[in-house]
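Colleague: Could you walk me through how to read this model, one feature at a time?

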Amino acid sequence: MTRAELFQNIQQKESYLCVGLDTDIKKIPSHLLAAPDPIFEFNKIIIDATADLCVAYKPNIAFYEAQGPKGWESLEKTLAYIPKDIFTIADAKRGDIGNTSELYARTFFDYFNFDSVTVAPYMGADSVKPFLIKPDKWVILLALTSNPGSQDFQLISSENSKYLFEEVIQKSQQWATKEQLMYVIGATRTDYLQRVRALAPEHFFLVPGVGAQGGSLEEISRLGMNKQCGLLVNSARNIIYAGNGPDFAQQARQEARRMQQEMAEYLEKYLPV
Ligand SMILES: O=C(O)c1cc(=O)[nH]c(=O)n1[C@@H]1O[C@H](COP(=O)(O)O)[C@@H](O)[C@H]1O
């Protein structure tokens, strides 16, 4: 999917919501456990309940890997079930020496046919470039993450008083254009968002950390939106586990709808003209 297509979907749906499919077998409603593939069954119901309200789905690969071979099957079926006009993110946070990254790229782009994959930048150019070989596939590079530990390395500043995350954003723009590269900026880090936007004015950002981690959707939208919106705001637990009884799908839809309606308001208010 191109950046223009993504923006078109955002405008049509008045939404920049990414639903996180962090599907934990221990948290899904008990009545689904009798299904042959409970994780897929849960995802299918969540996708049916939210597909008209979001522009992206982000399965977190850890939740599938933890189930062994069955988990990979659930992931494959989930991917095939997601409507083709919705952007898909493999949240795998990979990156290794070149020949290994090439295989990770093959897994997520060729085998699963994801649109994008999250990548850790810290092994440098040769670990990221193998993910950039197809023009329609995206790398979403970790820049400033939402977790408290992001201050251990990402917020260390060098002699020229640049933070490590700023070095990541500047340097990586030599490796790919805004048509193939996004950055992860945690929703809990809005105090740095304007600084990040100044470094990458036209890029899309994947912003996780609203809801369960406490980030503010309005602050992200006010400080981070660019002319193509430039934001995919992820919420996982708050949507997919909004309820865990027989009406869990309606509850998930209600939470996704609440976020979409807020987003429609912020697109009206903050999208630069
Ligand atoms: O790359 C990510 O998606 C990610 C980066 C980050 O800085 N913080 C972060 O929470 N995430 C992911 O975003 C999701 C957040 O889930 P909730 O807190 O349940 O909405 C999880 O899948 C995390 O792994």
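Modeller: Happy to! The residues of the shell around the ligand divide into four nonpolar, 13 polar and three charged. Here Ala, Val, Leu, Ile, Met, Phe, Trp, Tyr, Cys and Pro count as nonpolar, Asp, Glu, Lys and Arg as charged, and the others, Gly among them, as polar. This is a predicted model, where local features need pLDDT of at least 70 and side-chain atom pairs count only at pLDDT 80 or more, while totals for chains, interfaces and linings use all residues. Residues are numbered from 1 along each chain as its sequence is written.

Colleague: How many residues surround the ligand, and which are the closest?

Modeller: A residue is near a molecule or strand if its C-beta atom, placed from the backbone, lies within 6 Å of it. Around the ligand there are 20 residues, the closest being Thr145, Ser146, Pro208, Ala236 and Arg237. Strand E8 (231-235) and helix H11 (237-240) are the elements that give two or more residues to this shell. Helices (H or I, at least four residues) and strands (E, at least two) are DSSP runs, numbered from the N terminus.

Colleague: Is strand E7 buried or exposed?

Modeller: A residue is buried if 20 or more other C-beta atoms lie within 10 Å of its own, exposed if 12 or fewer, and partly exposed in between, with C-beta atoms placed from the backbone. In strand E7 (residues 204-208), five of the five residues are buried, so the strand is largely enclosed by the rest of the structure. Phe204, Leu206 and Pro208 point one way from E7, Phe205 and Val207 the other way.

Colleague: Which strands does E7 pair with?

Modeller: Two strands pair if DSSP finds at least two bridges between them. Strand E6 (residues 181-185) runs parallel to E7, joined by three bridges, and four bridges join E7 to E8, also in parallel. Phe205 of E7 stands opposite Tyr183 and opposite Leu231 in E8.

Colleague: What do E7, helix H10 and E8 make?

Modeller: A crossover is right-handed if, with the strands pointing away from the viewer, the path from the first strand over the helix to the second runs clockwise. E7, helix H10 (residues 217-224) and E8 make a right-handed β-α-β unit, and so do E6, helix H9 (residues 193-199) and E7.

Colleague: Where is Glu14, and what is its phi?

Modeller: Most residues other than glycine have a negative phi. Glu14 has a positive phi, near 50 degrees, and sits in the loop between helix H1 (3-13) and strand E1 (17-21).
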